[in-house]
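Welcome! Let us take a walk through a protein model, one topic at a time. Keep the structure open beside you and look up each residue as it comes along.

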2 protein chains.
Amino acid sequence: MKHDGFNFDEAVAILNRTPASLSALLSGLPETWVKATEGEGTWSPYDVIGHLIHGERTDWIPRARHILAGETRPFAPFDRDAQFTESQDKSLGELLATFANLRRENVASLLAMNLSDEDLHRKGLHPDLGQVTLAQLLATWVVHDLDHVAQVARTMAKVYKQATGPWNVYLSILRDRQG
Amino acid sequence: MKHDGFNFDEAVAILNRTPASLSALLSGLPETWVKATEGEGTWSPYDVIGHLIHGERTDWIPRARHILAGETRPFAPFDRDAQFTESQDKSLGELLATFANLRRENVASLLAMNLSDEDLHRKGLHPDLGQVTLAQLLATWVVHDLDHVAQVARTMAKVYKQATGPWNVYLSILRDRQG
C-alpha cells in the first residue's frame, strides 16, 4: 500500500487518541487558559473543541461515505464558523465529552467500512480543491487533529508571553503565527 | 499580585497536566510517529520527553532554589543535548513515567516553597539573559511545556504532509518551522 506514507492503522492510532489528548490538556483548567485567543479573529481552545465537534458531525465520515458512494457532485462545503452558534451555553466539559463520543462512533464507523487498498484510492470532488482521494481525506483528518492540538498549546503559551520576561527570546512558539 | 499576567495557581494547573497530556498524545503510538523529526537537527517526540526529563532534574526547581538562596552567581547553564545520551536504551513508556514522577515531585517541591508575592519578585542571574525574576522562571516553565506539546503535535503532523495531497494548503501547521 502506497499513499505517500499514509497507513490506515497508524492513522487510526492518532484519531483514537485525540479526545483524551485534548481532555488531558484542557479539562478543568481556569478560563484564563480556555478562553484565551491569539488575537482578534483567532480561536480559543474552547472554540477549537466546538470546531472539532462540527467536523465529526459534518465533515470526515460524511465525506468518506460520499466518496465510497461514487458521488460525482462535490462535497458539501464545511462551515468553519459553526461552533460560534453551536457551542453557545455549553461548558468545556460538555464539549469535550461530546467530541469524545462522536469520535468513538466515527472511528467505529470507519473501521466498519473495511476499506481495501483500492477503496483508499477512490476519488471525490472537493468544492475548492478538486479531485482528492479517500486516503488523502483520512490523512487530512489526522493532520487536522494534530494542527488543532498544536494550536491549543500555542494559544495557551501566548497568555504568558509578557510574563516570561527575557526568556521569551528562547521560546520560539511565542513568535509562531504573529499578527 | 502583578507579574505581567503570571498567576501561581494557574501556572501550577498547567504544570500538573503536562505529563498526562504527553502520555495521552504519545503512549503506545507506532514508531512512525514517536521517532519522526522535522528534519536534520530537529527533535522527535521521543527526544522531547528526554529533554523535559533533563529540565526536571537540572533546570526549574534547582534554579528556583538558586534564586531563593539569594545566590549572586549565574545559574548553571542548561544542557540542551543531554537527552541524546541520557535517553539511550529507554523506551518511550519508561521516559513518560520518569517525566511524570519527576514532575509530581517538583510540583510538590514548588508548593512546599510557600512562595509570597515578594518571593516571586526575587531575582537571579541567567548566564546569557542577565537578571530574571522567580515569576519569570515559573512562567517560562509553563510556556516551555506548552511549546514542546505543540512541537510534538507539529512534528507528527508533518509525517503526513505529502499524504494529505491538495488539502495541505489548508493545514497551516505543515508550514510552521519550515526548513
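## A serine in a loop

In chain A, S44(A) sits in the loop that runs between α2 (31–34) and α3 (45–58). Keep in mind that you are looking at a predicted model.

Is S44(A) buried or exposed? Its relative accessibility is 2%, and because buried means under 20%, S44(A) counts as buried. Leaving aside residues up to four places away in sequence, S44(A) touches V34(A), K35(A), A36(A) and T37(A).

## The nonpolar core

Here is a general idea to carry with you: in soluble globular proteins, nonpolar side chains tend to be buried together. In this model, the largest nonpolar core has 112 residues. Which of them touch the most other members? They are F6(A), I49(A) and L110(A), along with F6(B), I49(B) and L110(B).

If you skip residues up to four places away in sequence, its contacts are L22(A), L26(A), L92(A), L95(A), L96(A) and F99(A).

## Where the two chains meet

Now turn to the place where chain A and chain B touch. Each chain contributes to this contact: 59 residues come from chain B and 59 residues from chain A. The size of an interface is often given as the accessible area lost when the parts come together. For chain B and chain A, the buried area is about 4800 Å², and carbon and sulfur atoms give 67% of it.

How many salt bridges are there between chain B and chain A? The count is two. R177(B) forms a salt bridge with D176(A), and their closest N and O atoms are 2.7 Å apart. There are also 20 residue pairs in polar contact across the interface of chain B and chain A, with both residues at pLDDT 80 or more. On the side of chain B that touches chain A, the elements giving two or more residues are α1 (8–26), α2 (31–34), β2 (130–133) and α8 (134–159) of chain B. Of these, α8(B) gives the most, with 16 residues. Sorted by type, the residues on this side of chain B are 33 nonpolar, 17 polar and nine charged.

## Charged partners

Side chains of opposite charge can pair when their charged atoms come close. Over all chains, the count comes to 18 salt bridges. One of them joins E56(A) and R103(A), whose closest N and O atoms are 2.7 Å apart. Because E56(A) lies in helix α3 of chain A and R103(A) in helix α6 (residues 92–112) of chain A, this pair ties together parts that are 47 residues apart in sequence. Both E56(A) and R103(A) are buried.

Next, look at E71(A), which forms a salt bridge with R73(A), the closest N and O atoms being 2.5 Å apart. E71(A) is partly exposed, with a relative accessible area of 26%, while R73(A) is exposed, at 54%. Chain B has a salt bridge between E71(B) and R73(B), again with 2.5 Å between the closest N and O atoms. There, E71(B) counts as partly exposed at 27% relative accessibility, and R73(B) is exposed, with a relative accessible area of 55%. Finally, salt bridges that share partners join E38(A), R154(A) and K158(A) into one network.

Key: Residues numbered from 1 in each chain as written. Chains lettered and ligands numbered in written order. Predicted model: local features only at pLDDT ≥ 70, side-chain atom pairs only at ≥ 80, totals over all residues. Heavy atoms only, no water. Core = buried A, V, L, I, M, F, W, Y, C linked by side-chain atoms within 4.5 Å. Buried < 20%, exposed > 50% of the residue type's maximum accessible area, 1.4 Å probe, protein only. Contact = heavy atoms within 4.5 Å. Helix = DSSP H or I, 4+ residues; strand = E, 2+ residues; numbered from the N terminus. Buried area = accessible area lost by both parts, 1.4 Å probe. Salt bridge = Lys/Arg side-chain N within 4 Å of Asp/Glu carboxyl O. Polar contact = N/O pair within 3.5 Å; in protein donor to acceptor, adjacent residues only side chain to side chain. Nonpolar A, V, L, I, M, F, W, Y, C, P; charged D, E, K, R; others polar.
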